[in-house]
Amino acid sequence: MIEEIGAFLNAIPAAAASPLALIAYLATVLAWTLIAWRVKRFQILMDKIEKLKEEDRLEAIRIETGRIVPKGMTAEQYLRSRIHFFMFAGFLAFCATAAFVASMALIRVYEQKARADGYINEILGQPASSTLEAPSPYKSAINTLSNGRTMIAEAQDELKPKADLDRIVGELRLQHFSGDQINDRLSEIAGTARLKRANQKLNEVASRLEAIYEKLANCFRAAECRPGDQFGRMCNAVKSILGTIDEINTAAIAIPGVNFNASGTVATFGGGSMDIDFTNVATPNVAYLATVVCDQR
């Protein structure tokens, strides 16, 4: 209940920005202006009427307001009753506007939750489905990413020690191989090619996940989405992805002699057959959902 009240308070400005809410606000302002004018008028009349004789007061009210004071009421009683009536009418107008804006705020909260749940189910699949399967591109990307540490470990096992590579280069030079020929041979035996292929594949699936989660992440950034029934599923999924990516990057950094490109931009050095290069695997949209949206709920 506290969450719903907080959501209502946060949604009031957005609800008031809508045409219908604006009309309601303007109507309330107009009503309050009219009521305030009538109340002030009756208060002034009450101050002035006290200066008149008792028998002249009822006639003065009739002339001023065009209304006849009901029998059995004094002039003061009639004026007070009218003041209380208009103040009560103003209170009702305020309550009506507050109820209208509140209903719009709650509707907006419901729409934000439903929108988020729809995007999450689109990514992860329907939770109530008897054959629960995430869409194949997503599932394929997750499976590839989960094998990332194994891919890096296997590629690392193929890396030849620098001493061995220096020896091979020396032997090829003795056989009068050209620089290009030596470079071609090194690309086959140095073992760096497999690590680069693994890195390229992991970045490809990371980009695929980025595209899949982009709509949902942008929805939360624009405050058009709100945690709903499927929020926990999303957080478990994105936190798992982020944890797997951290493990992949940590494993790559641990490779002796690796040139780890943390920025993800094109390197201005390295890239040769003997260079052990690895570009940071990153998913900003997934990271935003896992560290900002999920952790700040």
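Biologist: Let's start with Cys235: is Cys235 buried or exposed?

Modeller: Cys235 is buried, since its relative accessible area is 8%. Buried means under 20% relative accessible area, exposed means over 50%, and partly exposed covers what lies in between (1.4 Å probe, protein chains only).

Biologist: And what should I know about the model itself?

Modeller: The model is predicted, so local features need pLDDT of at least 70 and side-chain atom pairs count only at pLDDT 80 or more, while totals for chains, interfaces and linings use all residues. Residues are numbered from 1 along each chain as its sequence is written, and side-chain values use heavy atoms, with hydrogens and water left out.

Biologist: Which residue forms a disulfide with Cys235?

Modeller: In general, a disulfide is a covalent bond between the sulfur atoms of two cysteines. Here a disulfide is called when two cysteine sulfur atoms are within 2.5 Å. Cys235 pairs with Cys294, and their sulfur atoms are 2.1 Å apart. Cys235 belongs to helix 10, whereas Cys294 sits in the segment after helix 11, so the pair links distant parts of the chain, 59 residues apart. Cys294 is buried too, because its relative accessibility is 11%.

Biologist: What is the handedness of the disulfide of Cys235 and Cys294?

Modeller: Look at the torsion about the S-S bond: for Cys235 and Cys294 it is about -100°, so that disulfide is left-handed.

Biologist: How many disulfides does the structure hold?

Modeller: There are 2. The other joins Cys219 to Cys225, with an S to S distance of 2.0 Å. The link of Cys219 and Cys225 is right-handed, with 90° about the S-S bond, and both of these cysteines are buried. Counting bonded cysteines along the chain, the pattern reads 1-2, 3-4.

Biologist: Now the fold. How many helices and strands are there?

Modeller: The protein has 11 helices and 2 strands. Along the sequence, the order is α-α-α-α-α-α-α-α-α-α-β-β-α. Of the 297 residues, 36% are buried.

Biologist: Where do helix 10 and helix 11 stand relative to each other?

Modeller: Helix 10 (residues 231–253) and helix 11 (residues 284–293) have axes that come within 9 Å and cross at roughly 120°. The axes are lines fitted to C-alpha atoms over the stretch in contact, and angles run from 0 to 180 degrees between N-to-C directions.

Biologist: Which residues make that contact?

Modeller: Contact means heavy atoms within 4.5 Å. Helix 10 brings Phe231, Met234, Val238, Lys239, Ile241 and Leu242, and helix 11 brings Val286, Ala287, Leu289, Ala290, Thr291 and Val293.

Biologist: Which residues does Asn249 touch?

Modeller: Asn249 also lies in helix 10, and it counts as buried because its relative accessibility is 8%. Beyond neighbours within four places in sequence, Asn249 is in contact with Phe260, Phe278, Asn280 and Val281.

Biologist: And which residues are in contact with Met46?

Modeller: Met46 is placed in helix 2 (residues 19–49) and counts as buried at 11% relative accessibility. Setting aside neighbours within four places in sequence, Met46 contacts Glu76, Leu79, Arg80 and Ile83. Met46 and Gln77 are 31 residues apart in sequence, and C-alpha to C-alpha they are 9.9 Å apart in space.

Definitions and conventions. Helix = DSSP H or I, 4+ residues; strand = E, 2+ residues; numbered from the N terminus.
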